[in-house]
Amino acid sequence: MKKILTICAALFVAASAFAQTKTGYVNTTELIQLQPAMDTVRTQLESAQKETYETYQAMIEEYQTKATTFQQKQASWTPAIKESKQKELNEIGNRIQEFEQSANQDLQQMQQVLQAPIYQKVNEEIQKLAKAKGLAMVFDIASATVLYIDPAQSIDLTPELRTILGIPEGRTLQSLQEELQAKAAAQQQ
C-alpha cells in the first residue's frame, strides 16, 4: 500500500512538472531559407551549377561531334582506325559519366559546406532565445514531428529569431519562391 502511494505521489509530481513545462516552437525552414546569407549561398551554388552544366555540355558536344564523324566515315576506315575511334568514343562516354557523378557529389558537398554556418547560427540563436525565455523544449514545426501546437499555451520564437537573424520583415517563403521563379525566368530569356 505504501508503495502504491509512493508511486502515485511520484506520478502526480511528474505530471505537475510536465504541466508547468514551458514549450516553444519555431519554423526553421523559414529562418534558414529567408536569411540574407542564404541568398549568397544560392548565388554561389547557381554559379557552380552553371559552370558544371557548361562543362558537361561541352563534353556532350564533343561526344556527339565524334559520334557523327564516326557514323559518317566508318565505312571508309580500316579496322584499326575504326577500332581506335570506337575506343575513343567509349572513353569520352565514360569520362562524361564519371564527370556527372563527381560533379553532383561536389555540388552536394559544396551546398552542405556553404549552408553549415547558417544552420549552426540558427540553432545557436534558437538555444539562446529558448534559455532566455525559460523554455524546456522547442519544437520545429517545419520538420512535421509535432502533430499539435496550441499557440495559446506555447511561444512562437520565429518572429523574434527573424529579427535576430536579420531577415527583412516583409520577406516570406512565398515571396522568396516568387523571387527565385522570377530570377529563373530572367535567366531563360
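What share of the contacts in the protein chain with a separation of 6 or more is accounted for by residues 24 or more positions apart? The share is 84%, where contact means heavy atoms within 4.5 Å. The model is predicted, so local features need pLDDT of at least 70 and side-chain atom pairs count only at pLDDT 80 or more, while totals for chains, interfaces and linings use all residues. Residues are numbered from 1 along each chain as its sequence is written, and side-chain values use heavy atoms, with hydrogens and water left out.

**Overall composition**

- The protein chain contains six helices and three strands, which are DSSP runs numbered from the N terminus (helices: H or I, at least four residues; strands: E, at least two).
- Read from the N terminus, the order of elements is α-β-α-α-α-β-β-α-α.
- Of the 189 residues in the protein chain, 23% are buried; buried means under 20% relative accessible area, exposed over 50%, and partly exposed in between (1.4 Å probe, protein chains only).
- The accessible surface of the protein chain is about 13,300 Å², and carbon and sulfur atoms hold 55% of it (Shrake-Rupley method, 1.4 Å probe; for residues, only the protein chains shown count as cover).

**The largest nonpolar core**

- A nonpolar core is a set of buried Ala, Val, Leu, Ile, Met, Phe, Trp, Tyr and Cys residues joined through side-chain atoms within 4.5 Å.
- The largest such core has 18 residues, and Val26, Leu31, Val122, Leu157 and Leu161 touch the most other members.
- Two or more residues of this core come from each of helix H2 (28-33), helix H3 (36-73) and helix H4 (79-132), with H4 giving the largest share, five residues.

**Helix H3**

- H3 has 38 residues and spans 56 Å from its first C-alpha to its last, close to the expected 56 Å, which is 1.5 Å times one less than its number of residues.
- Its buried residues include Met38, Val41, Leu45 and Phe70, as well as Arg42.
- These buried residues of H3 pack against H2, H4 and helix H6 (173-188).

**Individual residues**

- Leucine 161 touches Val26, Leu31, Glu125, Ile126 and Leu129, leaving aside residues up to four places away in sequence.
- Glutamate 125 lies in helix H4 and counts as buried because its relative accessible area is 14%.
- Isoleucine 141 sits in the loop between strand E2 (137-140) and strand E3 (154-156), and is partly exposed because its relative accessibility is 38%.
- The C-alpha atoms of isoleucine 141 and valine 26 are 6.0 Å apart, although 115 residues separate the two along the chain.
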